[in-house]
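Q: I am new to this structure and would like to learn how to read its features. Where should I start?
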Amino acid sequence: MAVFSRCSRAATAAAKPTAAAATFSYLIRALSPSFSSSSSTLDPETDLNCNKPAALGTLKREPKGRNVQWVFLGCPGVGKGTYASRLSNLLGVPHIATGDLVRDELASSGPLSSQLKEIVNQGKLVSDEIIIDLLSKRLEMGEAKGESGFILDGFPRTVSQAEILEGVTDIDLVINLKLREEALLAKCLGRRICNECGGNYNVASIDIKAENGRPGMYMAPLPPPPQCASKLITRPDDTEEVVKQRLRIYQEMTRPVEDFYRSRGKLLEFDLPGGIPESWSKLLRALNLEDHDDKQSAAA
Ligand code: ADP
């Protein structure tokens, strides 16, 4: 409980205009090209409560002449990174995962490193101020390299982060990935990362039997290629205790972000029917991107 109230206080403080004003203006600068050209194409009156956001019909790849600005929401272990990274390859926009930015900062042994290590390894959220600073720097670096558009993964994770983001740029679409709860913990515990290339794999074989009219679900392991097999590591925050804490924090702090975007007609709910083979083509269909399917299959 104390964890949650500390997180709420941090989020509330960060949302105040005086707090971290310099940091937020940095984010505004980083996002300024899209901010200045923004004009919402979503009509909250007509788009409210739609199953599929109207954005899908009109925005797709290059809304308003720019690249997509999408967000992935979903519990730890749902597969945000996997699908965001595939879509980023497909659409030619950067996949920006704030969890990766935090882990890079941790590995850098910079001034924030030990503070972040404690927070992350306990499954808590980093302050809005730190996260926005890391994200702003990443966006500025990308802009300098000519990147445009993004698929955000792991941000926003609090309503105050969502309000800040909404205040500085237009998010076209928010994809809310959902997976049966029984699978989430197993997927986090089975996750393995190649410590050389950063590739994400999974050793878990998930086999949920059909029960009480609910269909079964099978998710095959995602084995690493031979060159990564001997370099696999487990994330320190992927222990049972910490994953359970992250799931609790998701319910408390991030679930309300779904409502934030739902009420703006931007939320696409997507129930994953299983692993990548069952889910990928369905996700592309839900995103009106099925014409890209062949290209991605060839690239996979
Ligand atoms: P998950 O698998 O739980 O979705 P991530 O890889 O996205 O994990 O993030 C790892 C950790 O980095 C989080 O538990 C949290 O401590 C920190 N983090 C990442 N994104 C944010 C954010 N937007 N706000 C606060 N903390 C964040």
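A: Start with a strand pair. In this predicted model, strand E1 (residues 69–73) and strand E4 (residues 173–178) run parallel and are joined by four bridges.

Q: What holds strands together in a sheet?
A: Strands of a sheet pair through backbone hydrogen bonds, and the pairing is either parallel or antiparallel.

Q: What is the order of the strands in the open sheet?
A: The five strands of the open sheet follow the order E2-E3-E1-E4-E10, with parallel pairing. Strand E2 (95–97) and strand E10 (267–271) are the edge strands, each pairing on one side only. On average, neighbouring strands of this sheet are turned by 20 degrees against each other, direction ignored.

Q: Which residues come nearest to the ligand?
A: There are 17 residues around the ligand, and Thr98, Arg103, Lys124, Gly154 and Arg246 come nearest. By class, this shell has seven charged, six nonpolar and four polar residues. Helix H6 (residues 98–107) gives the largest share of the shell, three residues.

Q: Which polar atoms lie 3.0 Å, 3.1 Å and 2.8 Å from ligand atoms?
A: A polar side-chain atom of Lys80 is 3.0 Å from an oxygen atom of the ligand. A polar backbone atom of Val126 is 3.1 Å from a nitrogen atom of the ligand. For Gly154, a backbone N or O atom lies 2.8 Å from a ligand nitrogen atom.

Q: How much of the ligand does the protein bury?
A: The ligand taken alone exposes 550 Å², and the protein buries 96% of that.

Terms used. Residues are numbered from 1 along each chain as its sequence is written. This is a predicted model: local features need pLDDT of at least 70, side-chain atom pairs count only at pLDDT 80 or more; totals for chains, interfaces and linings use all residues. Side-chain values use heavy atoms; hydrogens and water are left out. A residue is near a molecule or strand if one of its heavy atoms lies within 4 Å of it. A polar contact is a pair of N or O atoms within 3.5 Å; within protein, one must be able to donate a hydrogen and the other to accept it, and residues adjacent in sequence count only if both atoms are side-chain atoms. Accessible areas come from the Shrake-Rupley method with a 1.4 Å probe; for residues, only the protein chains shown count as cover. Helices (H or I, at least four residues) and strands (E, at least two) are DSSP runs, numbered from the N terminus. Ala, Val, Leu, Ile, Met, Phe, Trp, Tyr, Cys and Pro count as nonpolar, Asp, Glu, Lys and Arg as charged, and the others, Gly among them, as polar. Two strands pair if DSSP finds at least two bridges between them. Axes are lines fitted to C-alpha atoms, for helices over the stretch in contact, and angles run from 0 to 180 degrees between N-to-C directions.
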